[in-house]
Amino acid sequence: MLNELIAPRVREIAPSGIRAFFDLSAANKDIISLGVGEPDFVTPEHVRAACIRALNRGETMYTPNAGLPELREEIAGYLHNGFGLRYDPANEILVTVGSSEAVDLALRALIAPGDEVIIPSPGYIAYSPIAHLNGGVLVEVPAAAEQGFKLTAEALQKVITPRSKLLVVNFPNNPTGAVMSYEDWLPIAQIVKANNLIVLSDEVYAELTYTGQHTSIAALPGMKEQTIVISGFSKAFAMTGWRVGYACGNPELIAAMLKIHQYTAMCAPVLGQIAAIESLRNALGDKDMMKDCFDQRRQLLVAGLRSIGLSCHEPHGALYAFPSIEHTGLTSAEFAMQLLKEAGVAVVPGHVFGTGGEGYIRCSYATSTRKLTEALERIEGFMSNKRERSLSAIWG
């Protein structure tokens, strides 16, 4: 009875496939989780100390809706120095409750019922449900393994229609670890401008680019006005629980997002904002140290998966490897569930990341080397047992 009162669009969306496997693994301490992309590092001590001092000073009030002015100043300087992006902290930067709220605000501010939202597949699972909740029509564009899971101009052009309004991109990519270079973005930018699209560029993994430098599509000529850049502190600064993100873009788009933000979240947590200021001022070295550790783990995991017999695209960014399990004959959901039950390793089935993710699993390397090594040993045992069972079935 009560279910009938829930809005149809809410009933139609599925719960998070990532959290489902996380919840299953959290109930058993013997399970090694490669599921959730949460850094295993603690927020640096001096960042925590800055917040303790602020708490002792009684800094527990609301902040301006757009965020503390000094934080917006720091974000503007950080983006300019690190990525060549120029934003006015007064009206082109909005501090949000994590980058997730920034994505939600951007989609709500832009989508009208029937608007088509183009999302590369495989891609992060949150974009599609949020677009659906606002009446948007999801259009998947393949970002295939043959192209290194990158978005190509040829694939994008094929899905453009008169209803196309928004292109959502996330590079470095969750779940594949793919990155896009300046040269990769050039033909994409031409299509965007020719079709008057808005780009939502989720760059929360920008700092975790392991080969070369991160390139934002907003840095290309003429693209700043048509791009909302979204990022945050959770991944690169080990601040998942502080819930601080930000959106940067055209003042009119930021103003529209701010109106929604005022009536919903009001402002990001003040202590989180203070932590973010301290991170940008004094924790860049900590950020680089954590990145180096992730890079070592990335190489360990990819090499281990390949040695087991799971072909794996080289992830050049983010926190994930995305090996193929297609040759096993199992769906990604079947493989993930059997691996969890038989070997005690939690991964995320690729199908939750869109149709392009079927045949793959996502493995996070945001965990210790010891756990990664043990997880690889368990996966190898699981694969060996599967091969033995297959041979036994063939030969009786």
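Which residues is threonine 96 in contact with, leaving aside its neighbours within four places in sequence?

**Entry 1: ground rules**

I am working on a predicted model, where local features need pLDDT of at least 70, side-chain atom pairs count only at pLDDT 80 or more, and totals for chains, interfaces and linings use all residues. Residues are numbered from 1 along each chain as its sequence is written, and side-chain values use heavy atoms, with hydrogens and water left out.

**Entry 2: threonine 96**

I looked up the opening question with contact taken as heavy atoms within 4.5 Å. Leaving aside neighbours within four places in sequence, threonine 96 touches Glu101, Ala102, Leu105, Arg243, Val244, Gly245, Tyr246, His261 and Ala268. Threonine 96 sits in strand E2; strands (E, at least two residues) and helices (H or I, at least four) are DSSP runs numbered from the N terminus.

Is threonine 96 buried or exposed? I use buried for under 20% relative accessible area, exposed for over 50% and partly exposed for in between, with a 1.4 Å probe and protein chains only. Threonine 96 counts as buried because its relative accessibility is 0%. Its side chain also reaches the backbone nitrogen of tyrosine 246 at 3.5 Å. I count a polar contact as a pair of N or O atoms within 3.5 Å; within protein, one must be able to donate a hydrogen and the other to accept it, and residues adjacent in sequence count only if both atoms are side-chain atoms.

**Entry 3: helix H9**

I checked the length of helix H9 (residues 251-263) next. The expected span is 1.5 Å times one less than the number of residues.

Which residues of H9 are buried? I find Leu253, Ile254, Met257, Ile260 and His261. They lie on the same side of H9, because they cover an arc of only 120 degrees around the axis, the arc being that of the directions from the helix axis to the C-beta atoms. The face turned away from the buried side carries the exposed residues Glu252, Lys259 and Tyr263. Strand E2 (93-96), helix H5 (98-110), E6, E7 and strand E8 (245-248) are among what covers the buried residues. At the start of H9, a side-chain oxygen of asparagine 250 comes to within 2.7 Å of the backbone nitrogen of glutamate 252.

**Entry 4: helix H8 and strand E5**

I ran the length check on helix H8 (residues 182-194) as well: its 13 residues should span 18 Å, and the end C-alpha atoms are 18 Å apart, which agrees. Trp185, Ile188, Ala189, Ile191 and Val192 are buried in H8, and their cover includes H7, strand E5 (164-169) and E6. Asparagine 196 follows H8 and has a positive phi, near 55 degrees.

E5 is mostly covered, with five of its six residues buried. I count two strands as paired if DSSP finds at least two bridges between them. Strand E3 (residues 116-121) runs parallel to E5 and is joined to it by three bridges; serine 164 in E5 is the bridge partner of glutamate 116. E5 also pairs with E6 in the parallel sense, over four bridges, and valine 168 stands opposite leucine 200 in E6.

**Entry 5: the E9-E12-E11 sheet**

I traced an open sheet of three strands in the order E9-E12-E11, with antiparallel pairing. E9 and strand E11 (348-349) are at the edges with a single partner strand each, so one side of each has no neighbour in the sheet. Two bridges join E11 to strand E12 (residues 361-364), and valine 348 stands opposite arginine 362 in E12.

**Entry 6: aromatic pairs**

How many aromatic pairs does a search of the whole structure find? I got 13. Rings of Phe, Tyr and Trp (its six-membered ring) pair if their centres lie within 6.5 Å; planes under 30 degrees apart count as stacked, over 60 as edge-to-face and the rest as tilted.

Phenylalanine 149 and phenylalanine 322 form an edge-to-face pair, 5.8 Å centre to centre with 75 degrees between the planes. The two are 173 residues apart, so the pair links distant parts of the chain. Phenylalanine 149 is buried, with a relative accessible area of 2%, and phenylalanine 322 is buried with 1%.

Tyrosine 205 and tyrosine 320 form an edge-to-face pair, 5.7 Å centre to centre with 80 degrees between the planes.
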